[in-house]
Amino acid sequence: MQTNQKPATELMKCHDAFESLGQRRIDSLNITVEEYRHKKTGALHYHLASENAENVFLVGFRTVPMDSTGVAHILEHTALCGSKHYPVRDPFFMMIRRSLNTFMNAFTSSDWTAYPFASKNKKDFKNLLDVYLDAVFFTRLDELDFLQEGHRVEFAKPDNAESDLIFKGVVFNEMKGAMSSPVSVLWQTLSKYLYPSTTYHFNSGGEPADIPDLTYQQLKDFHKTHYHPSNAVFMTFGDITAAEHQAVFEEKALAEFDKLDVHIAVNPEKRYLAPVSVEEAYAFDLTADEDTEQKTHHVVSWLLGPCTSLDEMMKANLLSQVLLDNSSSPLRYALEKTELGTAPSPLCGLEDSNYEMCFVCGLEGSEVEHAVEVEKLVLGVLEDVAENGVAHDKLESVLHQLEISQREIGGDGYPYGLQLILGGLTAAIHRSDPTALLDLDPVIESLREDIKDPEFIKQLVKKYLLDNPHRVRLTLRPDTQLSQRKEQAEKHRLATMKAAMSEQDKLLVIKRAADLAQRQAQVDDPEILPKVGLEDVPAELSIPESLPRKISGADSTLYAQGTNGLVYHEIAIDMPALTDAQLDLIPYYSSCLTELGCGDNDYLKMQERQSSVSGGIHSQSSILGHTDNVQAANAYYLFMGKALNRNNGELAGLMHETIHSVRFDEHDRIEELISQQRARRERSVTGNGHVLAMTAAASGLSPVAALSHRFGGLEAIRYIKRLDDANTGENGKNAIAEFASSLSEIHQQIIASPQRYMLTAEGDKLDSLVSEFEIIWTPESAATSFKPFALAEKHQQTRQMWIANTQVNFCARAYPTVPMEHEDAAALAVLGGFLRNGYLHTSIREKGGAYGGGASHDSNIAAFKFYSYRDPRLTETLDDFDRSIDWMLNNKHEWRQVEEAILGVIGTMDKPGSPSGEARHDFHNNLHGRTREKLQAARQRVLAVTLDDLKRVTETYLQTDRASTAVITSSATREQVGDLGLEVINL
């Protein structure tokens with residue numbers, strides 16, 4: 001690590017078991033990165049010292065499997081199933097319930113496995129640290145846990161050796177679901193050819209056909225070498241000092257180990273001497289109204305240099321952004337405009353997390369015979385850039401985007417500290433300097449000098465791409481018989497195994513199934529584990545203070561937040577009354593609005609301008625039920641953007657011009673955008689199927705729930721397929737013209753409606769930023785004859801079976817309940833966690849083999865929802881939903897279970913976001929009547945929930961004759977189980 005020039009005595013103090021290797025202050029992130037090494041084992045510790053009270057921990061291991069059995073992935077699951085000091089069956093999920101964590105998870109990447117968590121509560125952080133350290137370094141690795149989490153064979157009737165053998169296992173089913181996604185298959189297949197001899201050649205998550213080859217002994221052997229401190233990297237963030245962390249590391253784990261003389265690393269790949277072209281297939285199951293036309297993927301990829309070279313990485317990033325950043329970038333422009341496919345490939349871009357990076361580009365929605373033409377298209381663009389270069393202002397725009405990404409404080413998805421840690425983890429895993437990856441300001445300045453040379457980009461294109469022979473062109477085509485052949489191969493394998501079994505072998509299978517069932521039914525003493533209680537819950541919600549302000553004559557809001565040199569604008573427009581047909585178009589209006597030209601500028605010019613002055617602008621609708629009646633709704637149209645403070649005026653001008661002079665006459669562009677959105681939506685099922693199923697199940701319970709199904713649910717996928725087919729059909733020109741005209745009509749109605757503003761920035765900058773804003777956004781004339789948005793009431797049961805291309809199922813049920821202000825809403829919120837913790841997790845995940853399952857209450861639509869995710873079962877899971885209700889009503893329960901469920905709800909309420917995200921969330925809450933007072937009252941009601949409340953609301957609302965049901969499954973499963981009395985819909 002490069003350090004600031006400070007005497008050694010000024011280095012931060014560390015624990016005696018560690019030695020300090022250096023430190024560097026990164027002012028743009030307001031952190032100091034400190035590097036330490038454990039003297040005895042060599043374990044590295046990177047501490048990101050910050051004043052942030054949300055402390056983050058991660059321990060990562062280099063995991064380099066050389067097969068596709070999923071050993072690293074299954075080990076990640078199994079390691080969390082009990083340890084030396086916490087010998088309970090499921091400490092990970094038990095701690096989720098006994099914690100106020102803001103994040104808990106475990107990840108398996110292609111060459112590392114990591115165990116991160118975060119918490120704002122110091123007591124909670126210490127508890128989680130104890131459990132995590134024990135789990136990874138002293139895991140029990142019980143064979144029954146391996147059988148549950150990884151794979152096993154059982155008889156279809158567990159105690160009947162005459163029934164068929166079947167494969168079970170959480171990871172086995174998880175990966176069946178993951179590999180149902182054509183994009184996952186595309187990436188894994190590309191990696192197989194791009195990396196012919198290293199770990200990336202294999203599927204680290206596990207191929208379903210290979211997972212059953214993994215033995216229990218192989219799992220233990222892998223743990224022994226890979227989960228050792230000598231192969232570990234510790235990373236921490238927050239206001240707890242490095243020395244405090246290290247004292248715990250040493251006491252709880254590291255003191256027990258000596259150095260292990262094993263060097264785990266990824267070796268450089270063997271390089272091709274000439275490009276390779278390959279064709280493979282993915283499973284595509286035909287439905288009644290679908291065929292294989294435009295279902296082929298083509299990608300072209302190059303293997304680049306090591307990610308451990310910051311210079312190589314940043315140049316490759318620059319080149320990738322120059323080629324693909326937005327629609328005006330030369331390669332993305334060519335891929336969007338060509339008739340060879342419907343949209344750029346979702347793999348387009350630079351993959352820089354592998355030891356050796358790769359650049360990928362290509363098309364989806366193509367035909368097999370276009371492979372050579374797609375490659376020629378790509379190479380033609382690259383040759384043009386190599387000869388003519390790229391305009392200097394476009395290069396500056398890319399550096400501008402890098403600067404924004406360096407400065408912006410995140411935290412709306414993962415905790416901000418975890419985002420930083422993950423940003424440096426790849427370098428740390430590959431024994432490089434993570435600090436350099438975090439401190440990009442010097443690199444940006446160096447690149448700014450480099451791009452002054454007009455030959456710079458030309459040479460990069462030649463070096464990394466055109467003159468690089470390690471190139472793979474992959475064609476992935478749909479195969480309508482592949483699923484059936486895979487299923488038959490699995491059945492044949494199981495039948496062969498059964499035929500070879502002795503009576504003793506069969507009895508062993510029956511005994512293991514019984515032993516596992518007994519272990520899953522085992523009730524552990526949760527008090528073995530540490531916990532926080534309701535006494536540790538903060539009394540008040542943490543909500544940023546809003547500052548009312550008249551801006552350009554409109555009632556508006558300011559937020560003084562630590563945004564690190566960025567400003568955030570939002571225009572909130574009252575949604576006008578719209579026809580039902582117009583409502584269906586709102587999602588497409590939103591996706592087009594900021595992607596089209598304005599005034600005299602076409603969309604390419606506007607894309608360039610967005611990139612040069614802002615961190616992006618976008619728009620969306622925001623529609624929520626009232627807090628006391630979900631059959632009524634508030635609706636707004638939101639227009640948002642962000643920029644560096646120095647570009648505040650330019651951002652205001654960009655947003656004003658976009659709203660007031662957007663062009664809906666760019667019909668070809670609109671057609672491209674709809675095709676791209678269709679591709680994104682069609683591939684959303686395998687990763688988001690549980691949400692889509694819940695949205696469908698609840699769609700009849702309120703008008704806003706119905707809109708969610710139409711805007712972003714399964715019905716939206718059906719709608720956009722019809723829309724795109726019409727736009728590209730025989731009458732396509734007229735259809736797209738009518739569509740564009742409809743969007744323009746919606747736009748005119750929206751911009752004529754009342755509006756207000758919100759700005760978020762650092763407090764001392766707000767006045768000057770508002771003054772600049774008001775120069776552009778002058779007072780609007782009062783809206784005349786404004787008719788407010790309204791929706792018809794919705795009270796309808798739903799019973800649907802959606803047929804999709806999937807190897808696993810997604811099941812959901814929904815019950816009508818009450819809105820946020822009702823006294824029962826709090827108990828229903830707690831009930832979701834109570835049922836998940838006490839019944840659904842064991843029944844659906846552990847016993848049923850699904851990757852996930854649970855229940856939750858959504859007071860915004862007054863619905864209580866059950867779900868399963870990547871589930872091998874269907875009818876049995878629906879039965880489990882019902883059985884959980886019986887379990888709640890007919891069994892004796894403990895207060896501890898109630899407290900744990902309450903903690904889960906409070907943890908969700910208290911989850912911090914980014915400075916800008918917290919401001920935006922409060923602004924939207926107030927727009928929709930969710931005031932600070934109402935939210936605080938709802939919180940107090942949650943804290944007061946009793947066991948009697950839970951039984952009462954279960955009995956009152958979860959009545960089976962009121963249930964709505966939606967499942968997503970395959971045509972093959974439908975043939976096996978029938979339609980179950982559900983309406984069958986082909987997706």
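Helices, in the numbering used here, are DSSP runs of at least four residues, counted from the N terminus. In this predicted model, helix H3 gives the most to the lining of the largest cavity, with 4 residues. That cavity has a volume of about 50 Å³, and the count of cavities of 30 Å³ or more comes to 2. The lining of the largest cavity is made up of Leu-80, Pro-91, Phe-92, Met-95, Met-104, Leu-128, Val-131, Tyr-132 and Ala-135. Two elements give two or more residues to this lining, namely helix H2 (91–97) and helix H3 (122–137).

The mean pLDDT of the protein chain is 94, and 98% of its residues reach 70 or more. Over residues 1–10, however, pLDDT stays under 50, and for this stretch the model has 20 contacts beyond four places in sequence. Where pLDDT is low, the predicted coordinates should not be read in detail.

The aromatic rings were examined next. A pair of aromatic rings is described by the distance of the centres and the angle of the planes. The structure holds 36 aromatic pairs, and one of them is formed by Phe-107 and Tyr-414, whose ring centres are 5.9 Å apart and whose planes stand at 25 degrees to each other, an arrangement that is stacked. Phe-107 belongs to strand S6 (residues 107–108), whereas Tyr-414 belongs to the loop between helix H12 (392–407) and helix H13 (416–429), so the pair ties together parts of the chain that are 307 residues apart in sequence. Phe-107 has a relative accessible area of 15% and is therefore buried, because buried means under 20%. Tyr-414, with a relative accessible area of 34%, is partly exposed.

A further aromatic pair, formed by Tyr-757 and Phe-773, is edge-to-face, with 5.3 Å from centre to centre and 70 degrees between the planes. Tyr-757 is part of strand S22 (residues 755–761) and Phe-773 is part of helix H27 (residues 766–776), and the two residues of this pair are 16 residues apart. Both Tyr-757 and Phe-773 are buried.

Two arginine residues have a positive phi value, in each case in a residue other than glycine. For Arg-431, phi is near 60 degrees, and the residue lies in the loop between H13 and helix H14 (434–438). For Arg-870, phi is near 50 degrees, and the residue is placed in the loop between strand S26 (863–869) and helix H29 (875–890). With regard to accessibility, Arg-431 counts as partly exposed at 37%, while Arg-870 counts as buried at 11%.

The surroundings of three further residues were also described. Ala-72, found in helix H1 (residues 71–78), has a relative accessible area of 1% and is therefore buried. Residues up to four places away in sequence being left out, Ala-72 touches Thr-63, Thr-108, Thr-113 and Phe-222. Between Ala-72 and Trp-112, which are 40 residues apart in sequence, the distance from C-alpha to C-alpha is 8.4 Å.

Phe-664 lies in the loop between helix H21 (648–661) and helix H22 (667–682), and with a relative accessible area of 8% this residue is buried. The residues that Phe-664 touches, when those up to four places away in sequence are not counted, include Tyr-589, Leu-593, Leu-596, Ile-670 and His-747. The C-alpha atoms of Phe-664 and Tyr-589 are separated by 10.0 Å, and the two residues are 75 residues apart along the chain.

Ala-255 is found in the loop between helix H8 (242–252) and strand S11 (276–283), where this residue counts as partly exposed at 37% relative accessibility. Leaving aside neighbours within four places in sequence, Ala-255 is in contact with Lys-40 and Glu-250. The C-alpha atom of Ala-255 is separated by 9.0 Å from that of Thr-41, although these residues are 214 residues apart along the chain.

Note on methods
Residues numbered from 1 in each chain as written. Predicted model: local features only at pLDDT ≥ 70, side-chain atom pairs only at ≥ 80, totals over all residues. Heavy atoms only, no water. pLDDT = per-residue confidence, 0-100. Contact = heavy atoms within 4.5 Å. Phe/Tyr/Trp six-rings, centres within 6.5 Å; stacked < 30°, edge-to-face > 60°. Buried < 20%, exposed > 50% of the residue type's maximum accessible area, 1.4 Å probe, protein only. 1 Å grid on protein atoms, 1.4 Å probe; cavity = no way out; pocket = protein on both sides within 12 Å on 5 of 7 lines; lining within 4 Å. Points joined across faces, edges and corners; volume = space filled by probe spheres on them.
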